[in-house]
Amino acid sequence: MRDLKIPEHRHPEKARRPDNPQPKKPAWIRVKAPGGKGYADTAKIMRDNKLVTVCEEAGCPNVGECWSQGHATMMIMGEVCTRACTFCNIATGKPPEDLDVFEPGRVADAVKKLGLNHVVITSVDRDDIEDGGAAHFAQTIRAIRKQSPDTTIEILTPDFIRCDPSVLEQVVEARPDVFNHNLETVPGLYPQVRPGARYFHSLRLLQRVKEMDPSMFTKSGIMVGLGEDRQAVMQVMEDMRAADIDFLTIGQYLQPTPKHHKVDRFVHPDEFAAYEKAAYGKGFLMVSATPLTRSSYHAGDDFARLREARIRKLSGQ
C-alpha cells in the first residue's frame, strides 16, 4: 500500500533520479519551528474538517507563522497531483479517488470556524478529470460565499491545459476576488522544472481571466534560484504586464529533497529588493519579492493593499 509519508512513495517518478545535494540555507532564510496554541488550533480545525493544506503538503517554510495566526491555504481535490514538477513536494501519481462532493462544504465550514477575512484556496492538478476540477473550484467559492459572505476569496488554480477552454468561464463566473495562477519559473526552464505545463498557455490563461472580467484581480508568481538569470526574470515581468497581471510574487526556491531540482543559488535580499523596484516600475499594482515570499504568504494584508493601490490608480494619485 502506498504511504505518502515515504519519499519514494510520495514521488515515485523521482525515485531513480540522481541525488542533488541540498546546500545549507543562509541566515536570511531560517525560520522558527511551528508551535503554539494558535498553530494547534488551526491544525485541529483542518483535521476535524478532513482538509488538506498546501502549507503541509508543499513543506512551506512559513507554516508556523501563518497557522499561529489562524491562516491556512486549503488544498482541494485530494493530495495526489497528476503532474510531476521537479520543484514541488506535493505527492504525485494517479489520484486514488474521485472528487469529494462534500469537500466544498467542509472548506466553507473551516473558513467560518477560523473567522477568516481572506482565504486562499488552491488544488493539485487533476488531469484525470474532464474539466480539470473547474466546477469543483466554482462550488467551493459559492459554498464559502454562502457561509462567510464578507470573506474575500483568492484562488490559486491549475492551468486546465487539457480541458476545453470554456471551463475557465465556470471559475470566473463564481467571482473569486483574486485569480492566481503561478508561472513558477522563466520559460527556458520549463522543460526541466515544469515539464507538464506550457509557459504561454499559463500566461494566456491569466490574460483570458482579465478579458472575461476586467475588475477581477489577477496574480502570478515565480521562484528564483532555479538557474534563471536576471534578464529572463525581467522578461517574465514584461510578459505578465502585457497580460495585465496585477500582482507579482517572487520567492526563493527551496529544494524539498535530494531528488528534486537543485538549488542553483540563494538569491540575496538586496536582489529581491531590486526586483521589487523594477516590477513596480513596470506597472504592477502589488509586488511581494523576498526570499520567503510564497503565493499565499500575508495574502490577506496584501489583498487590502492591492485594493488600495487600484483605488489610487483610478483616482490618478
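Asp109 is located in helix α5 (residues 103-114), where helices are DSSP runs of H or I with at least four residues and strands are runs of E with at least two, numbered from the N terminus. The model is predicted, so local features need pLDDT of at least 70 and side-chain atom pairs count only at pLDDT 80 or more, while totals for chains, interfaces and linings use all residues. Residues are numbered from 1 along each chain as its sequence is written, and side-chain values use heavy atoms, with hydrogens and water left out.

**Surroundings of Asp109**

Asp109 counts as partly exposed because its relative accessibility is 25%; buried means under 20% relative accessible area, exposed over 50%, and partly exposed in between (1.4 Å probe, protein chains only). Leaving aside residues up to four places away in sequence, Asp109 touches Asn49 and Gln147, a contact being heavy atoms within 4.5 Å. Asp109 and Ala143 are separated by 34 residues in sequence and by 8.7 Å in space, C-alpha to C-alpha.

**Aromatic rings and charges**

The structure holds 3 aromatic pairs. Rings of Phe, Tyr and Trp (its six-membered ring) pair if their centres lie within 6.5 Å; planes under 30 degrees apart count as stacked, over 60 as edge-to-face and the rest as tilted. Two of the pairs are tabulated here.

| Pair | Geometry | Centre to centre | Angle between planes |
|---|---|---|---|
| Tyr190 and Tyr199 | edge-to-face | 5.7 Å | 90° |
| Phe217 and Phe303 | edge-to-face | 5.9 Å | 90° |

The pair of Phe217 and Phe303 links distant parts of the chain: Phe217 belongs to strand β8 (residues 217-224) and Phe303 to helix α12 (residues 299-314), 86 residues apart. Phe217 and Phe303 are both buried, and Tyr190 and Tyr199 are buried as well. Ring pairs also join Tyr190, Tyr199 and Phe200 into a cluster.

The charged end of Arg310 sits over the ring of Phe217, 3.8 Å from its centre. Arg241 lies over the face of Phe284, at 5.4 Å from the ring centre. The criterion is that NZ of Lys or CZ of Arg is within 6 Å of the ring centre and within 35 degrees of the ring normal.

**Packing of α10 and α11**

The axes of helix α10 (residues 230-242) and helix α11 (residues 269-281) come within 10 Å and cross at roughly 30°. Axes are lines fitted to C-alpha atoms, for helices over the stretch in contact, with angles from 0 to 180 degrees between N-to-C directions. Arg230, Val233, Met234 and Met237 of α10 make the contact with Tyr275, Ala278 and Ala279 of α11.
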